[in-house]
Amino acid sequence: MDERSPPELDPILHQPVRTRIAAYLATRGETTFTELKQALAITDGNLEAHLKKLVAASYVTAHKQTGRGRPQTLYALSATGEKAFAQYVASLQAVLGER
């Protein structure tokens, strides 16, 4: 009988909205706050709170884009975020494979 402990799930990413943000950024690349909000169908406040946690963990980068119109903030997964998300997905797959 295998007595390995189950893989640990990243506490930053193991929250449904943050998982969805990371998955969206992993597949779409850099995107605006507005695009994320519309794609995920969540409120400004909810998205902002979760993005702050992801930025604080260095999983997501944010920078202002200026030009025509009003400035927009662009978000993208950082290299750290890409690695963490890939590990999170692998851990979920391992947990699901144990059933």
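Modeller: Definition first. On a 1 Å grid over the protein atoms alone, a pocket is an open set of points with protein on both sides within 12 Å along at least five of seven lines, and a lining residue has an atom within 4 Å of a point. A cavity, by contrast, is a set of points where a 1.4 Å probe fits but cannot get out. The model is predicted: local features need pLDDT of at least 70, side-chain atom pairs count only at pLDDT 80 or more, and totals for chains, interfaces and linings use all residues. Residues are numbered from 1 along each chain as its sequence is written, and side-chain values use heavy atoms, with hydrogens and water left out.

Now the lining. It consists of Thr 32, Phe 33, Thr 34, Lys 37, Asp 44, Lys 64, Arg 70, Pro 71, Gln 72, Thr 73 and Tyr 75. The largest pocket holds about 190 Å³ of space. That volume is the space filled by probe spheres set on the grid points, which are joined across faces, edges and corners. By class, the lining has 3 nonpolar, 4 polar and 4 charged residues. Here Ala, Val, Leu, Ile, Met, Phe, Trp, Tyr, Cys and Pro count as nonpolar, Asp, Glu, Lys and Arg as charged, and the others, Gly among them, as polar.

Two elements, α2 (33–40) and β3 (72–77), each supply at least two of the lining residues. Helices (H or I, at least four residues) and strands (E, at least two) are DSSP runs, numbered from the N terminus. The chain has 4 helices and 3 strands. Their order from the N terminus is α-β-α-α-β-β-α.

Take the sheet next. Its 3 strands form an open, antiparallel sheet in the order β1-β3-β2. Two strands pair if DSSP finds at least two bridges between them. β1 and β3 are joined by 2 bridges. In that pairing, Thr 31 stands opposite Tyr 75 of β3. Tyr 75 also belongs to the pocket lining. β2 and β3 pair over 6 bridges. Val 60 has Leu 77 of β3 as its bridge partner. The hairpin of β2 and β3 has 6 residues between the strands, and Gly 69 there takes a positive phi near 80 degrees.

β3 is largely enclosed by the rest of the structure, because 5 of its 6 residues are buried. Buried means under 20% relative accessible area, exposed over 50%, and partly exposed in between (1.4 Å probe, protein chains only). Across the 99 residues of the chain, 30% count as buried.

Asp 44 of the lining leads on to α3 (residues 44–56). The 13 residues of α3 should span 18 Å at 1.5 Å a residue, and the end C-alpha atoms are 18 Å apart, which agrees. The expected span is 1.5 Å times one less than the number of residues. Leu 47, His 50, Leu 51 and Leu 54 are buried in α3. They cover an arc of only 105 degrees around the axis, so they sit on the same side of α3. The arc is that of the directions from the helix axis to the C-beta atoms. Lys 52 and Ala 56 are exposed, on the face of α3 turned away from its buried side.
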